[in-house]
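I opened the model to look up two things.

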Amino acid sequence: MAMSPPGNAILYNALLRPGAKTARPSFIFNMSPGKTIEEIAQSARRELGAASDEAVLEAWRIAHLGRKASLTIFLRSLAELAPEERRKAGADANRLKAELEEAFAEKRSQLQAARIERTVETGRIDVTLPGRPVRLGRLHPITQTLREILAAFESQGFSVVEGPEVELDYYNFEALRIPKEHPARELMDTFYIDRADESDGRLLLRTHTSPNQVRFMEKHQPPIRIVVPGKTYRNEATDPTHEWMITQVEVLAVDEGITLAHLKGTLFEFAKRIFGRERKIRFRCDYFPFVEPGVDMAIDCFLCGGGGCRTCKNEGWIEILGAGMVHPEILTNMGYDTNIYTGFAAGLGVERIAMLRHGVDDIRHFYANDLRFLRQF
Ligand code: PHE
């Protein structure tokens with residue numbers, strides 16, 4: 001007995017008892033069930049109390065909760081007992097197991113805390129302590145999508161330029177053929193900025209990136225191929241598909257002999273890069289005062305392949321942008337000769353594209369600053 005490891009003493013005794021050749025587990029148990037469990041419990045508790053460092057504690061865990069511990073063997077042998085015996089013995093043993101596990105966890109945190117305390121006290125660094133992981137940052141999902149969109153146009157010869165978020169009424173509306181009282185203004189509820197001197201018109205937060213068509217053409221001659229990313233603002237009630245601030249990308253190409261075919265080819269290539277090469281596109285007529293003709297472009301639903309699902313609202317097609325041929329009146333106002341130059345323009349919403357690509361069902365997630373959402377991208 002003195003030779004047996006302390007944790008397994010009970011079992012060894014039982015097994016070594018002369019005459020105990022058959023039905024060992026039930027024999028052990030029948031011998032003295034309460035005592036057996038109780039003895040296991042006592043030595044385990046006593047030794048745990050005495051464990052003074054983490055290495056001893058680990059040895060204790062292996063001895064009392066490990067695969068070869070008496071308690072584990074005992075639990076495994078329960079199946080061989082008669083049902084009434086099994087119920088009581090099983091309950092006792094499981095209770096003890098839970099107790100020991102809990103006591104172990106507590107002891108472990110005590111010993112850890114004590115070690116940290118000692119380290120702090122002596123002012124030394126314990127290089128064995130687990131390090132604090134440095135969380136890597138990442139790009140916001142809208143930034144990621146925006147960069148991919150810009151790259152899809154840059155690879156087709158477009159340059160990225162930017163313009164002001166606080167804009168004059170003239171660029172946001174007038175120069176784009178949206179005069180005061182024009183119904184299109186009502187579609188773009190505008191945040192206006194009050195100021196004392198409004199002699200050059202009202203200031204506002206741009207409602208789209210289209211004012212940059214005019215800003216750029218004023219200062220440059222064709223050939224023009226630009227994309228203009230940026231934040232745009234509309235005074236809207238928010239809901240799953242509306243935010244008061246969204247990111248747009250404006251596309252503008254002006255050159256000799258630009259036709260609707262160039263518009264289609266360029267935007268089709270963009271759509272394939274973002275939504276997959278197998279995409280199909282559909283153009284339909286739409287109205288924007290600054291283009292003629294105006295179109296909306298849709299892609300075939302990449303989820304259902306056109307059969308109809310929730311994402312495409314059972315239509316098989318998803319509208320992703322507005323576009324058209326730059327209105328000749330605007331080209332003329334810029335001093336371009338419309339007998340030579342034509343152009344196309346397009347505007348798209350980055351949040352909408354990111355939602356489609358990632359299956360995000362509420363646009364408001366993007367700006368709620370919830371890291372659980374943002375870390376997914
Ligand atoms: N600016 C338009 C909008 O925000 C989109 C657009 C841009 C349409 C360029 C046609 C051409 O709705």
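I call a residue buried under 20% relative accessible area, exposed over 50%, and partly exposed in between, with a 1.4 Å probe and protein chains only. Helices are DSSP runs of H or I, at least four residues, and strands are runs of E, at least two, numbered from the N terminus. The model is predicted: local features need pLDDT of at least 70, side-chain atom pairs count only at pLDDT 80 or more, and totals for chains, interfaces and linings use all residues. Residues are numbered from 1 along each chain as its sequence is written, and side-chain values use heavy atoms, with hydrogens and water left out.

**Helix entry.** I looked up α5, residues 70-77. Of its 8 residues, 6 are buried. I listed them: Ser70, Leu71, Thr72, Phe74, Leu75 and Ser77.

**Ligand entry.** How many residues surround the ligand? I found 14, taking a heavy atom within 4 Å as the cut-off. The closest are His208, Ser210, Arg234, Gln248 and Gly347.

Ser210 has a polar side-chain atom 2.9 Å from a ligand nitrogen. A side-chain N or O atom of Arg234 lies 3.1 Å from a ligand oxygen. For Gln248, a side-chain N or O atom is 3.1 Å from an oxygen atom of the ligand. Alone, the ligand exposes 330 Å², and the protein buries 91% of that (Shrake-Rupley, 1.4 Å probe).

**Shell entry.** Which strand gives the largest share of the shell? I noted β10, with 3 residues. β6 (245-256), β9 (317-326) and β10 (341-349) each supply at least two.

Notes. A polar contact is a pair of N or O atoms within 3.5 Å; within protein, one must be able to donate a hydrogen and the other to accept it, and residues adjacent in sequence count only if both atoms are side-chain atoms.
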